[in-house]
Every structure is written in structure tokens, then in C-alpha cells.
Amino acid sequence: MIDLIIDTDTGSDDAVALMLALGNPEVNVKAITTVAGNVPVDFGSKNALATVALMGKNTPVYQGFDRPLMRDLHTAQNVHGADGMSGAPIPTNIPKLSGFDAVNKLIELPKAEPGKYTLVTLGPLTNIAAALFQDPNVLSYYKEIYCMAGSPEGWGNVTPSAEFNIWCDPESFKVVLRSGTPIVMVGWNISREYAVIAKPETDNFKKIGTARSNYLLDINIQVAKFCKEVTGIDGFDLPDPITMAIAINPNLITKSELVRMDVACDEFMRGTLIIDRSVAAQKLGPNVKVIWEADREGFLNSLYEMCQDGSNPTGFTPRPLDFYL
């Protein structure tokens, strides 16, 4: 059994990542914590709760920070829609939040059972940095830490060189980099190359025709429009789901590198990653495992398998299939 704690700024791709974890019988999601990022944190919590309900689970959801540690919040609602879910219908008979103490849960749960939980972060690292301020050893309590973060080859999706999660709160990412506990980084480069859902994949999800497959397509309609108009991707990419798939099955990693990394926080280069391969950096040791290549077929199969389940405990009704791009 794989035991996860998931920190998310739940927009549409985060929701698919949650589906992958919640729908896998070999995975136990102990808790979900929410943070502001893609959408304001209240929206993100609602989207997380709706996805938990769709999957027929009772996983507790704890709300966290409503803004970056040192900056005003700038969301990605231009990418995911005002609600983060492309305006799609989502389950309404959802449970209530389990609390507003996300940071405390990120500390208490792994500290009580050191080495048991893998932490998967899908949004800005504000909650994680805040947890480190309270307990500098908190990340060492986790078995592993996987982060959907960054664009290590320097191709950004919010600026020419920065990926959104880090750009949103670069100071928190710097705190995590300097924590002393290495992380595994699944950057936007992996999503752009190995997690694009184009027409063939969209057709496959339509053929599956379950509440899960329809939900996956429906909530990403706005993302597909953004990809076509801004990033030039044919279809829509799923950065958070491929991060989750790799956290569940690290065998999907086909090429990686241990590096010493830092992040720029000045406004001009905000969120840009710096990989230091100097002799001095090698003496300090790596703080990030960067993923450079992944198994696209294995990732897609994990999505298809999850969507095959035809259960629909919430009675979710998607928009008509011909609505999809």
C-alpha cells in the first residue's frame, strides 16, 4: 500500500491527479491539504471536496494558506476558468472541510508515523514552507516528496522561463530547496512532452464514457483553449496527473538527474530555476532529483484504467459529449 498526503491548489489538472490517487486500490490518501494558486483557496477546497465525492471517498480535506508567504496572490484562472474547473458541472452533494489547519496536518501526520507517507505537492509550496518554519525537520518525516514544480530546461508557461507553481510563490520554493531534504521534481517539461491529451486520447476517453472519463474531459475544456491560444499545445496537458502517476509508480521515470538547484526571486527572473553543476555545488550535494523523461504510454494507461470504473456515487451529470473540443 502506498500512503499519500497531497497538497493541492485544486484546478482541473489537480482534480485529475486526485482521481488517480483516490481511484487506485493500492493507494491510501491519508489527507488532502489545499493552498491558493490556480484559484483562491476556497475554490480549491471546494474542487477537492467535489472530486473526493465523485470518487466515492471520505478523505479529509484541510484548508491552508490563502496567499503566498511574501506576495499578493496571482491565480491561473485564465488557464482553468474562474472556478478552476472550466465552468463544468461538478458534484454538489459534497462533504464539509475537515478543518482549516492544513499546515499542522502536514506536520502532525508524518511526525506520528515517520517514513510512512509520501508527500505529493501539486501547487505553490506555501503550506510546505510554512510547515518548515514551524518544524525545520518536517520534510525528513516523509518517505519521499514529489513536487509538480518548475521548468528545469527554462521553458515557462507563465513567463518565458518560469512555471506557474514556482512563479506564484518562489520564496516558498527557495525555503523547500534549503530545507536539507531532497525533493523529486516533475516539471512542466514532462507534462508538455509526455502528458498531452490530444484528439486520439480524447476520443479514447469519450469511448470509455464513465462519469470519471467525462469529468476529466469536461473540467479541462478551458485548459485546452488556453493551450491552443497560448502554449501552442495540440490538446491539453496534465502536469499534476503525471506527477501523481510517477509518485505512485516511480518506474514511469525513464531518465533523471540529481542536481543542486536554486530559484530566482527577483521580479525580472521570478521563478526561474538555476541548476548549478559547479564543483562547489557538487560538494554541497544535490537537493533535487529532476525528471527528464517519462513513460507516456504507462501514464496514459493509468488514466484509462482509473476511468474504467463506472461507479457514480454523486450522480454527476456532465455536459453533452459533443461539447468537448
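This passage walks through the fold of one protein chain, from its overall form to a few individual residues.

The structure is a predicted model, in which local features need pLDDT of at least 70 and side-chain atom pairs count only at pLDDT 80 or more, while totals for chains, interfaces and linings use all residues. Residues are numbered from 1 along each chain as its sequence is written, and side-chain values use heavy atoms, with hydrogens and water left out.

The chain contains 14 helices and 11 strands; these are DSSP runs numbered from the N terminus, with helices (H or I) of at least four residues and strands (E) of at least two. The chain has a radius of gyration of 18 Å, close to the 20 Å given by the globule rule for 325 residues, so it is as compact as a globular protein of that length. Here the radius is taken over C-alpha atoms, and the rule is 2.2 Å times the number of residues to the power 0.38. Along the principal axes, the C-alpha atoms fill a box of roughly 55 × 40 × 40 Å. Of the 325 residues, 60% count as buried, where buried means under 20% relative accessible area, exposed over 50%, and partly exposed in between (1.4 Å probe, protein chains only).

An open sheet of nine strands runs through the model in the order S3-S2-S1-S4-S5-S6-S11-S9-S10, with mixed pairing; two strands pair if DSSP finds at least two bridges between them. Strand S3 (61-63) and strand S10 (273-276) stand at the edges with a single partner strand each, so one side of each has no neighbour in the sheet.

Four of its five residues are buried, so S5 is largely enclosed by the rest of the structure. The chain reaches S5 from S4 through helix H5 (residues 126-134), and this β-α-β crossover is right-handed: with the strands pointing away from the viewer, the path from the first strand over the helix to the second runs clockwise. S4 (residues 117-121) and S5 (residues 144-148) run parallel and are joined by four bridges, with Thr-118 having Glu-144 as its bridge partner in S5. S5 also pairs in the parallel sense with strand S6 (residues 183-186), over three bridges, and here Cys-147 stands opposite Met-185 in S6.

Helix H10 (residues 211-218) has eight of its eight residues buried, so it is largely enclosed by the rest of the structure. These buried residues, including Arg-212 and Asp-218, pack against several elements, among them H1, helix H9 (199-208) and helix H14 (296-307).

Finally, Asp-83 lies in the loop between helix H3 (77-80) and helix H4 (102-112). Its relative accessibility of 26% makes Asp-83 partly exposed. Leaving aside residues up to four places away in sequence, Asp-83 touches Val-39, Phe-43, Asn-47 and Ala-88, contact meaning heavy atoms within 4.5 Å.
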